[in-house]
Amino acid sequence: MSLFVASLNSGSNGNCYYIGNQEEAVLIDGGISCREIEKRLKRLELSIKKVKAVFVSHEHGDHIHGVAALAKKHRLPVYITPPTLRNGNLMLREDQTFSFRAYDPVQIGNLTVTAFPKFHDAVDPHSFVVSGNGVQVGIFTDIGVSCAHVIAHFKQCHAAFLEANYDEDMLENGRYPLSLKNRIRGGNGHLSNRQAMELFLEHRPPFMSHLFLAHLSRNNNAPEIVENLFSGLTDQTEIIIASRDKETSLYHIQHTGSPIPVVAKRKVSLKHHQLSLFS
Ligand SMILES: [Zn+2]
Ligand SMILES: [Zn+2]
């Protein structure tokens with residue numbers, strides 16, 4: 001009753017997350033080169049042969065950079081929505097390309113991958129929850145806001161990759177042009193450390209054993225800041241800072257005896273940030 005998870009890289013320089021059981025695994029995004037993905041899996045003593053599919057969250061380069069090469073070399077199916085495929089200009093073989101729809105679970109062996117839409121400045125961005133063996137793992141990066149969807153799914157996860165992109169003061173006082181600052185913090189960009197902490201404190205389920213803080217900005221954040229902010233908040237959840245430069249360890253996420261949660265499949269309109277269906 002467990003899943004194995006690792007971040008192979010996390011940040012605006014490339015994102016790739018591994019979630020698997022004993023026999024099979026999926027990668028969420030492939031934003032580093034195929035070679036680096038292979039190398040890092042090997043260092044974790046994971047066989048690339050276990051990887052059965054890649055899911056693409058959105059078309060930004062830090063999420064798709066290595067996808068085409070990886071799919072070609074290892075004959076992997078790529079799950080991607082048609083708008084993301086078009087906008088990402090990904091050269092994928094048609095017979096390796098599969099669409100997915102929000103709330104429709106995709107079965108990869110004994111793993112279930114369910115997507116849901118998120119706020120981000122991409123054409124059709126999605127977050128994912130991967131479940132198997134009674135364990136749910138969420139991948140919540142590149143989210144402009146902790147919307148009702150994120151909250152509902154976060155509450156059901158035994159482990160989550162949660163974006164902590166920027167320190168609000170560093171962004172405010174940094175050298176980015178105002179337009180870029182506003183893009184990052186404007187509700188369709190990225191989640192700040194404070195927003196991530198509030199989501200964690202208010203909505204962490206008692207069975208969440210691991211929280212991976214992810215997609216840290218190089219210019220507007222630092223691992224020590226995130227570590228300080230989250231240290232001492234709880235001793236029930238292990239906090240891991242996912243690196244921008246290397247893989248994390250491989251973590252073993254166990255089903256902790258809580259009732260097996262069910263991924264919310266209810267559709268909500270994402271036209272407005274103030275969503276109330278889950279509150
Ligand atoms: Zn990104
Ligand atoms: Zn993005």
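Two strands pair if DSSP finds at least two bridges between them. Helices (H or I, at least four residues) and strands (E, at least two) are DSSP runs, numbered from the N terminus.

The model is predicted: local features need pLDDT of at least 70, side-chain atom pairs count only at pLDDT 80 or more, and totals for chains, interfaces and linings use all residues. Residues are numbered from 1 along each chain as its sequence is written, and chains are lettered from A and ligands numbered from 1 in the order in which they are written.

**Exercise 1. Give the strand order of the open sheet of seven strands, and find its edges.**

Step 1. The order is E6-E5-E4-E3-E2-E1-E14, and the pairing is mixed.
Step 2. Strand E6 (97-98) and strand E14 (251-254) stand at the edges. Each has a single partner strand, so one side of each lacks a neighbour in the sheet.
Step 3. Take one pair inside the order. Strand E1 (residues 2-9) joins strand E2 (residues 16-20) through five bridges, in the antiparallel sense. Ser7 has Tyr17 of E2 as its bridge partner.

**Exercise 2. Decide whether Ala71 is buried or exposed, and list its contacts.**

Step 1. Locate Ala71: helix H3 (residues 67-74) holds it.
Step 2. Apply the cut-offs. A residue is buried if 20 or more other C-beta atoms lie within 10 Å of its own, exposed if 12 or fewer, and partly exposed in between, with C-beta atoms placed from the backbone.
Step 3. Ala71 has 22 C-beta neighbours inside 10 Å, so it counts as buried.
Step 4. Leave aside neighbours within four places in sequence. Ala71 then contacts Val54, Leu76, Val78, Leu92 and Gln96.
Step 5. Turn to Val54. Not counting residues up to four places away, Val54 touches Leu27, Gly30, Val67, Leu70, Ala71, Leu76 and Val78.

**Exercise 3. Explain why strand E10 (residues 135-140) is largely enclosed by the rest of the structure.**

Step 1. Six of the six residues of E10 are buried, so the strand is largely enclosed.
Step 2. In a regular strand, side chains alternate between the two faces of the sheet.
Step 3. On one side of E10, Val135, Val137 and Ile139 are buried. On the other, Gln136, Gly138 and Phe140 are buried.
Step 4. Strand E9 (residues 126-132) runs antiparallel to E10, with five bridges. Val130 pairs with Val137 of E10.
Step 5. E10 and E11 are parallel, over four bridges. Gly138 stands opposite Ala160 in E11.

**Exercise 4. Trace the chain from strand E12 (residues 210-214) to strand E13 (residues 238-241).**

Step 1. The two strands run parallel and share four bridges.
Step 2. Between them the chain passes through helix H9 (residues 223-230), and this β-α-β crossover is right-handed. (Right-handed: with the strands pointing away from the viewer, the path from the first strand over the helix to the second runs clockwise.)
Step 3. Compare E10, H5 and E11: they also make a right-handed β-α-β unit.

Technical notes:
Two residues are in contact if their C-beta atoms, placed from the backbone, lie within 7 Å.
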